[in-house]
Amino acid sequence: MSAPTATPFLRASLSRQAPVPPGKPRGLKVSRSRTDAALSSASEPPAKRVRSEDLGQDGESREDAGAEEKEPTERKRARGQNKSRPCMKPNHYEQSRLCPSVTQGCAEKCYFGARCRFLHDVGEYMAAKPADLGRSCVLFETFGKCIYGVTCRFAQAHLGDGYQNIVNTDLAKQWEGKSLVRNNLSKDLQHQLRKRKFSFRKADEYLRGLAKPHSDEDPEPDAVQSPGLPGGEEASSTKTVGPVTDEDVVKLRSCEKKKSKSPDKPFLCCLFQCGNLPFRRICKRFGADVTCGEMAVCTNLLQGQSSEWALLKRHHTEDIFGVQLEGAFPDTMTKCAELLNQTIEVDFVDINVGCPIDLVYKKGGGCALMTRSNKFEQIVRGMNLVLDVPLTVKIRTGVQEKVNVAHKIIPKIREWGASMVTLHGRSREQRYTRGADWDYIAECAKIASPMPLFGNGDILSYEDANRAMQMGVSGIMIARGALIKPWLFTEIKEQRHWDISSSERFDILKDFTNYGLEHWGSDTQGVEKTRKFLLEWLSFLCRYIPVGLLEHLPQKINERPPYYMGRDYLETLMASQNVDDWIKISSQLLFPISWKRRLAKIEHGYSLFWFC
C-alpha cells in the first residue's frame, strides 16, 4: 500500500523545516551549540541583541513580574520641529464655503449636483461670511473685474444690488485676451500625466541606451530618430504645408541652443518658500533681469500635482525666466525635462545639486548627487539631450566642511554638456553659518573656463558684488541678500548705497500684498496664503539695518545687530525680531485693526523654512 501523499500545506511546512543532522530522529528538538548561538547573535544588530538578551527563553523579561505594574517612564520630549502646533490652514471658511459654480455664475450646472457639500444660497453665505477687510479690491481696480465675486474679502467694492458682481467694461476690455501668467497646468495635461499617457519618446530612447551593456563607445546616441523611420531611409507619406524642420529628428548642437544668461545682468537665485511669483515681481521692478522659480520636485511634476506645477508659473514681466528641478535618478529627471520642454515656456532649466536639507539629501538628491557621479552624469547628459534650452547646474563646494570637491566635478559637468554652473561658496555641513569662500570660487572659475561660472554667497551691497566680479567669475547670483533688501539690484546697477526710508519699505510690502492677492486670490484662502508668505519674508526683512544708522559701511550679511531704536516708530517696528511685531505689520495690510483676536491662532502655527 502506497504512502499517503502530503497535502500542499503539509508539503510547504515540511519544506520549511531545517535539515535534520544524521543520527537525529525527526521530531526531536535539536539544540544549537553555544558557539552557533554566539555567532548568530554577533551577526545581529546591537539593538536586536540587547532586546534578545533582556528576554528569557520563554519570551518574557528577566525582570520581576511586578515590573509590569510600574508606571511607564515619561518620554523625553523630542527637540526640533513642533509637530503639535495648530494647523496653518484656517477652518472657518470650510464650514460655510460657497460653491464655485455659484461664484462663476452657473449654479444650475454644479458638477456634484445634490451631493455638493458647499452652499448654493448666496444670502445664507453672506450671513455667515466674515467682515470685509477693506473698501477697495486690487483685482477690480486693476482688471475691472473680480473673479471671486461675493467670496472676495473686499467685495463691497464691486457688489451691487442682489449681490451682483459689478464689471468695469472699459477696463476689462484692455486685459481681454492677454495672458498675464504663463506655464499653467491644463486639465488635459494633468489627465495625461495621471493616466501615464504622456509620450516621453526622447527620454525613453536615452534610457534604453543606458540599459544596454556598456561598450568602448559612448552609449549616448548622437541623434534621436523617429521610431517610424528606422535609419532615416523611409520618408513620411503625410503631405505638409510650409517649411519642414528636423528638430524632432536631429538633436540640437550646443552652439545652436539659446544662449545662457548674460554676465552683466543680476541673477535672482531660486529661493525655497520665499521665491514666489509676487516676490519675483518685486525684485524685477528693482532691476533683477534674470529670475528663477522655486525648486520643484520632478516626481511631483510627473504625477501632475497642481501645487508643484504652481511653482513653474511665470509672470509676463519676467523677461529671462528659468525653473529649477530636484531629483535623484536619471529616468525621472530626463522625463521631467522633456515634459517641461514640450509644455511650458522657459529660457533655461537648472539642476539643484546644492540643496542641503536632510529630506532631499537622504533620498539621493541635492548635495548627494555630488557623491554619486555616475547618476549625476546620466542626469546631466539625459536632460541636455532632451532640452532645447540651456541646462545649468547649481552646486556647493562639497558635502563635508573641509573637503572641497567642486574643482573636480566642474570639468566633468562641462564635459557632460551643461551650459553654465553656479557655485555656492559653502559646503553642505556649513549651511549658512560660515562666510562664503570666494577664493575657492575664483579658483574654480579658472578651471571651468570657457564654461561660464556664476558665484553665489554673502552679497548684500554693490561693494560685495564688485569684489565678487573681480574674482574672475562670469556673473553673480543673489539669494539671501535679495530677501533682506530687494532693492539690492538697484544699488548694484547705480553703484550707490540707498538709505531707503521706512515708508518706502512699507510701500514695498503694500505692493507685495497686492501682487499676492492678484496671484493667490482675494478670497479668504488667498488672503491667508498671502499673509503666510508675507510673514516668511518679514523674517528676513527685519535683518536689514538702515544705512543712516551704520557706523561702517557696508552691512555684512551674517551680522546680527543688537536691539536698536530707529529714526521713527515704523523703522523700529520693522527691525524687531519678534513674531508679534511681524503680525502687527501684516495686520496693517490685510487684517482689521482688531488683529489681536487672531494672534492666538497663528502665533504657534507660523514656521520658518530655509531655501536651497
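Mentor: Start with His315, which sits in strand β4 (residues 314-315). Keep in mind that this is a predicted model. His315 has a relative accessible area of 2%, so it counts as buried. Look at what surrounds it. Beyond its neighbours within four places in sequence, His315 is in contact with Leu180, Val181, Leu277, Arg281 and Glu518. Take Leu180 from that list. It lies 135 residues from His315 in sequence, yet the two C-alpha atoms are 6.0 Å apart. The wider chain shows such pairings too. Among contacts between residues at least 6 apart in sequence, 69% join residues at least 24 apart.

Now move to Ser522. This residue is in the loop between α22 (502-520) and α23. Its relative accessible area is 0%, so Ser522 is buried. Its contacts, again leaving aside neighbours within four places, include Cys137, Leu139, Cys146, Tyr148, Thr151 and Cys152. Arg153, Phe154, Leu517 and Val527 also touch Ser522.

Follow the chain into α23. Helix α23 (residues 524-541) gives 8 residues to the largest nonpolar core, the largest share of it. That core holds 142 residues. Within it, Met383, Ile395, Leu453 and Leu509 touch the most other members.

Next, see how α23 packs against helix α25 (residues 579-587). Their axes come within 10 Å and cross at roughly 125°. That angle makes α23 and α25 oblique to each other. The crossing is right-handed. On the α23 side, the contact uses Leu534, Leu535, Leu538 and Ser539. On the α25 side, it uses Trp582, Ile583, Ile585 and Ser586. By class, this contact of α23 with α25 has 6 nonpolar, 2 polar and no charged residues.

Helix α17 (residues 406-416) and helix α18 (residues 438-448) have axes that come within 9 Å and cross at roughly 30°. These two helices are therefore roughly parallel to each other. The crossing of α17 and α18 is right-handed. From α17, the contact takes Ala406, His407, Ile410, Pro411 and Arg414. From α18, it takes Tyr440, Cys444, Ile447 and Ala448. The residues here divide into 7 nonpolar, 1 polar and 1 charged.

Backbone details come next. Most residues other than glycine have a negative phi, and most peptide bonds are trans. The peptide bond from Ser449 to Pro450 is cis, with omega near 10°. Pro450 is in the loop between α18 and β9 (453-456). A cis bond also joins Leu553 to Pro554, with omega near 0°. Pro554 lies in the loop between α23 and α24 (569-574).

Then check phi. Tyr163 has a positive phi, near 60°. It is in the loop between α7 (138-143) and α8 (169-174). Its relative accessible area is 40%, so Tyr163 is partly exposed. Gln495 also has a positive phi, near 55°. Its place is the loop between α21 (488-494) and α22. Gln495 is partly exposed, with a relative accessible area of 37%.

Finally, step back to the whole protein. It has 26 helices and 10 strands. Of its 612 residues, 44% count as buried. His315 and Ser522 are both buried.

Key
Residues are numbered from 1 along each chain as its sequence is written. This is a predicted model: local features need pLDDT of at least 70, side-chain atom pairs count only at pLDDT 80 or more; totals for chains, interfaces and linings use all residues. Side-chain values use heavy atoms; hydrogens and water are left out. Axes are lines fitted to C-alpha atoms, for helices over the stretch in contact, and angles run from 0 to 180 degrees between N-to-C directions. Helices (H or I, at least four residues) and strands (E, at least two) are DSSP runs, numbered from the N terminus. Angles under 35 degrees count as roughly parallel, over 145 as roughly antiparallel, 65 to 115 as roughly perpendicular and the rest as oblique. A crossing is left-handed if the near helix is turned anticlockwise from the far one by less than a right angle, and right-handed if clockwise. Contact means heavy atoms within 4.5 Å. Ala, Val, Leu, Ile, Met, Phe, Trp, Tyr, Cys and Pro count as nonpolar, Asp, Glu, Lys and Arg as charged, and the others, Gly among them, as polar. A nonpolar core is a set of buried Ala, Val, Leu, Ile, Met, Phe, Trp, Tyr and Cys residues joined through side-chain atoms within 4.5 Å. Buried means under 20% relative accessible area, exposed over 50%, partly exposed in between (1.4 Å probe, protein chains only).
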